[in-house]
Amino acid sequence: MKKTNLELFETEWAILQAVWELEPCAAPTVQESLAKEKGWAYTTVKTLMDRMVKKGLLKTKKIRNLYLYSSAVTRSHARKSEIA
C-alpha cells in the first residue's frame, strides 16, 4: 500500500517531531516539550493530536485511562512529502 503525499500543517509538523523524539508518549508530555517554543495549552495539543489520529498521522494505544501516542508516518515519508 503506497501512501499519498502528506500535507502537514506547521502545527502537525511540530507535534510529529515531538512524538518522534518521545514515543510512545502521552499528550501532556508532548505539550510540555512544546510549551517553551509554542506556548500551547494542553487542550490545544490534545485536540491537535486527536485530529492527527483521525488523519492517520498518529496512532493511539489505551492503557487503563491513559492514551499513548506514537507516529503512524516515518520521518523520511514526512520529509519527502514536505519537499514534494
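1. Arg64 sits in the loop that links β1 (58-63) to β2. Helices (H or I, at least four residues) and strands (E, at least two) are DSSP runs, numbered from the N terminus. Arg64 is exposed, with a relative accessible area of 77%. The cut-offs are these: buried means under 20% relative accessible area, exposed over 50%, and partly exposed in between (1.4 Å probe, protein chains only). Phi of Arg64 is near 55°, a positive value in a residue other than glycine. Most residues other than glycine have a negative phi, and most peptide bonds are trans.

2. A note on the source. This is a predicted model, in which local features need pLDDT of at least 70 and side-chain atom pairs count only at pLDDT 80 or more, while totals for chains, interfaces and linings use all residues. Residues are numbered from 1 along each chain as its sequence is written, and side-chain values use heavy atoms, with hydrogens and water left out.

3. The overall layout comes next. The chain has four helices and two strands, and along the sequence they follow the pattern α-α-α-β-β-α. Of the 84 residues of the chain, 33% count as buried. A contact means heavy atoms within 4.5 Å. Among contacts between residues at least 6 apart in sequence, 54% join residues at least 24 apart.

4. Helix α1 has 13 residues and reaches 19 Å from its first C-alpha to its last, close to the 18 Å expected at 1.5 Å a residue. The expected span is 1.5 Å times one less than the number of residues in the helix. Which residues of α1 are buried? They are Glu12, Ala14, Ile15, Leu16, Ala18, Val19 and Trp20. An α-helix has 3.6 residues a turn, so residues three or four places apart point the same way.

5. The largest nonpolar core has 22 residues, and those with the most contacts inside it are Ile15, Val30, Met49 and Leu58. The elements giving two or more residues to this core are α1 (10-22), α2 (27-38) and α3 (42-54). Helix α1 gives the most, with six residues. Such a core is a set of buried Ala, Val, Leu, Ile, Met, Phe, Trp, Tyr and Cys residues joined through side-chain atoms within 4.5 Å. Leaving aside neighbours within four places in sequence, Met49 is in contact with Ile15, Val19, Ala27, Val30, Leu58 and Tyr69.

6. Glu12 belongs to helix α1 and, at 6% relative accessibility, counts as buried. What does the side chain of Glu12 make a polar contact with? The partner is the side chain of Lys55, at 2.8 Å. The side chain of Glu12 also reaches the backbone nitrogen of Phe9 at 2.9 Å. A polar contact is a pair of N or O atoms within 3.5 Å; within protein, one must be able to donate a hydrogen and the other to accept it, and residues adjacent in sequence count only if both atoms are side-chain atoms. Not counting residues up to four places away in sequence, Glu12 touches Glu7, Met52, Lys55 and Leu57. Glu12 and Leu57 are 45 residues apart in sequence and 8.7 Å apart in space, C-alpha to C-alpha.

7. Two points concern aromatic rings. The structure holds one aromatic pair. Trp13 and Trp20 form this pair, which is edge-to-face, with 5.9 Å centre to centre and 85° between the planes. Rings of Phe, Tyr and Trp (its six-membered ring) pair if their centres lie within 6.5 Å; planes under 30 degrees apart count as stacked, over 60 as edge-to-face and the rest as tilted. Trp20 counts as buried because its relative accessibility is 10%. Elsewhere, Lys46 lies over the face of Tyr67, at 5.5 Å from the ring centre.

8. Ser71 lies in strand β2 (residues 66-71) and is buried, with a relative accessible area of 13%. The side chain of Ser71 makes a polar contact with the side chain of Trp20 (3.4 Å). Beyond residues up to four places away in sequence, Ser71 touches residues including Leu16, Val19, Leu57 and Leu58.

9. A cis peptide bond joins Glu23 and Pro24, with omega about -10°. Pro24 is in the loop between α1 and α2.

Key. Lys NZ or Arg CZ within 6 Å of the ring centre and 35° of its normal.
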